[in-house]
Amino acid sequence: MSENLAKEWKNHVGPKRALKTVFYAIIIAALVVSLRNIEIIPEFLKDTPEQLMDLFRRMWPIDVKFLWGFVAPSILETIHIATLGTIATLIITFPLAVLGSKNIVRNEGIRYVMKFIFVASRSVNSLIWALFYVAVFGPGPVAGVMAIMSRSIGFVGKLLSEAIEESSRNQIEAVISVGAPPVSVFLKGFWPQIRPSFLSIALLRWDINIRETAVLGIVGAGGIGLLLESAIDVFHWPGVAAILLSIFVVVLLAEFLVTNLRKKVI
Amino acid sequence: MDALTRRVLKTQEPVPTGGMEKVRRFFRFYGVQILLFLFVVYVLFALSRLGISPKRISEGFTQGKVFLSRLFPPDFITRWDDIRHDMLESLEIAVVASIIGILLSLPLGLLGARNLMPSVVTWPVRLFISLARAFNPIIIGIIFVKAVGFGPLAGLLTLSVASVGFIGKLFIEAVEEISMKQVEAVRASGASFLSVIRFGVLPQVSARFIGFGMYQFDSNLRNSTTLGIVGAGGIGGTLFAAYQRFDYRIVCAIVLLIIGLIILDEYVSERVRRVFQ
């Protein structure tokens with residue numbers, strides 16, 4: 001107890017405290033500079049609640065015919081894109097994550113290459129990835145699947161290689177000591193240890209991908225976004241409301257499904 | 001259920017006689033396999049719906065080569081003034097939105113915590129927070145662009161809402177996990193409600209706030225680079241304009257800058273997190 005207290009006491013004294021003060025100062029300076037530079041027109045800001053209310057009033061009542069005729073197939077396509085994108089990600093990322101783990105690959109060069117791939121993939125938003133793939137494959141769900149995949153590789157790769165690195169040596173040494181070949185070492189030593197995190201990472205990413213796929217259509221990469229964009233362009237607000245409602249429902253369902261499945265696999 | 005467990009159970013359990021029991025046992029033994037099979041069927045169905053054909057893929061790769069050759073070398077110079085201005089705008093939107101998000105999440109988080117407030121209060125707050133989180137920032141962006149017009153203000157409002165959705169949720173969870181002993185101790189001393197919050201609740205959760213804030217800043221920065229595509233300010237606008245003009249070398253330059261910015265941000269936030277641990 002006294003040891004703990006001493007430690008805590010030290011934490012608040014000395015350079016760390018100064019660093020914290022510096023951090024807060026930087027934050028405040030950044031806020032001041034940002035507020036001065038962003039062009040905010042006060043009239044527009046004051047008008048916002050009224051405009052939003054007007055928008056919501058126009059959305060009511062929801063266009064039910066549009067919901068069944070156009071939104072439902074489009075939502076299904078969105079789910080397809082998210083699922084296929086996640087599966088493609090898992091297939092591609094698994095070997096990359098293995099190559100990027102400290103306890104499997106000793107060569108630092110290879111690991112840095114993998115780390116770079118992961119960081120680059122994560123840094124580019126899926127919408128920007130979609131722009132690239134629409135230019136390559138043309139508009140349509142194929143570009144969406146590729147965009148979702150490209151964006152997810154970094155996320156899954158990072159978490160998966162962390163999970164591999166955290167696996168305990170004991171089981172692996174036990175498998176090695178009976179003379180198992182490398183494939184068996186992986187299947188019987190590593191895989192049982194990383195399986196729960198693998199499944200929960202996959203589910204988590206699928207959930208995120210459902211949300212992200214919903215907007216990919218704005219740049220032409222398939223899914224509900226395309227419909228949303230065109231409904232807004234023709235000011236068909238009851239239809240927009242139907243789209244937003246269905247996105248909300250699908251996102252909630254996906255979250256519910258993922259939470260329950262994760263409890264099962266962990 | 002795996003084959004080994006199944007074999008062991010078959011030898012140990014009595015063989016069911018009734019029809020219903022047989023069916024139940026079948027599902028218990030092969031449930032996972034059935035789900036897996038259905039999943040594979042679904043994936044094949046989804047694949048068939050997307051119209052992916054080998055021909056299209058191979059055409060894509062030829063197109064890809066052409067596209068890649070048009071991306072390089074990146075052109076930083078032609079539109080440098082626009083790029084610099086909009087990159088800074090993205091950064092500024094992220095900074096302000098994160099701070100607004102944190103400030104709004106503080107009261108909302110306390111109002112949404114079920115161990116502090118009656119359900120009449122928590123229910124609408126939690127609904128608002130999950131609504132803010134359910135929609136991708138781009139969609140919220142479209143709505144705000146319609147409401148306040150093009151420009152960084154729409155992006156700012158969008159990311160503030162998105163931040164509330166995320167920090168608010170984490171903050172509610174943090175408040176619900178606190179130990180009630182301290183709260184009761186403060187209350188027992190006759191403190192007013194605000195004092196209970198100030199001395200009983202906040203000290204237990206404030207340490208995690210910087211972590212949430214930094215995390216949300218990372219996310220806001222990433223999103224503020226794309227919000228421009230729907231006209232909500234930031235570098236995305238320049239990026240999309242260049243893309244639509246087929247100025248792929250400028251697109252390449254902007255994407256490289258975005259990657260650089262995000263890597264820098266990850267490095268900085270790692271450092272900040274270490275200071276605050």
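## Around Ser105(B)

Leaving aside its neighbours within four places in sequence, which residues is Ser105(B) in contact with? There are five names to look up in chain B: Ser163(B), Val164(B), Ile167(B), Gly168(B) and Phe171(B). Keep in mind as you look around that this is a predicted model.

Ser105(B) itself has its place in helix α4 of chain B, which covers residues 80-112. With a relative accessibility of 0%, Ser105(B) counts as buried, because the cut-off for that is under 20%. Its side chain also has a polar atom 2.6 Å from the backbone oxygen of Gly101(B).

## How confident is the model in chain A?

For chain A, the mean pLDDT comes out at 83, and 95% of the residues reach 70 or more. Helix α1 (residues 2-12) of chain A has the lowest confidence, with a mean of 53, while helix α7 (residues 141-166) of chain A has the highest, at 90.

## Rings that pair up

Over all chains, the count of aromatic pairs is 17. Take Trp129(A) and Tyr133(A): their ring centres are 6.2 Å apart and their planes are at 25 degrees, so this pair is stacked. Both residues belong to helix α6 (residues 126-137) of chain A, and because they are four residues apart there, about one helical turn separates them. Trp129(A) and Tyr133(A) are both buried, too.

These two are also part of a cluster linked by ring pairs. From chain A, the cluster takes in Trp129(A), Phe132(A), Tyr133(A) and Phe137(A). From chain B, it takes in Phe67(B), Phe240(B), Tyr243(B), Phe246(B) and Tyr248(B).

## Arginines over rings

Now for a couple of rings with an arginine over them. In chain A, Arg205(A) lies over the face of Phe155(A), 4.8 Å from the ring centre. In chain B, look for Phe199(B): the charged end of Arg198(B) sits over its ring, at 4.8 Å from the centre.

## Around Phe66(A)

Is Phe66(A) buried or exposed? Its relative accessible area is 12%, so Phe66(A) is buried. You'll find Phe66(A) in helix α4 (residues 64-99) of chain A.

Not counting residues up to four places away in sequence, Phe66(A) touches Val71(A), Leu227(A), His236(A), Gly239(A), Ala242(A) and Ile243(A). As for Arg169(A), that residue is 103 residues from Phe66(A) along the chain, and the C-alpha atoms of the two are separated by 57 Å.

Definitions and conventions: Residues are numbered from 1 along each chain as its sequence is written. Chains are lettered from A and ligands numbered from 1 in the order in which they are written. This is a predicted model: local features need pLDDT of at least 70, side-chain atom pairs count only at pLDDT 80 or more; totals for chains, interfaces and linings use all residues. Side-chain values use heavy atoms; hydrogens and water are left out. pLDDT is the predictor's confidence in each residue, from 0 to 100. Helices (H or I, at least four residues) and strands (E, at least two) are DSSP runs, numbered from the N terminus. Buried means under 20% relative accessible area, exposed over 50%, partly exposed in between (1.4 Å probe, protein chains only). A polar contact is a pair of N or O atoms within 3.5 Å; within protein, one must be able to donate a hydrogen and the other to accept it, and residues adjacent in sequence count only if both atoms are side-chain atoms. Contact means heavy atoms within 4.5 Å. Rings of Phe, Tyr and Trp (its six-membered ring) pair if their centres lie within 6.5 Å; planes under 30 degrees apart count as stacked, over 60 as edge-to-face and the rest as tilted. A charge sits over a ring if NZ of Lys or CZ of Arg is within 6 Å of the ring centre and within 35 degrees of the ring normal.
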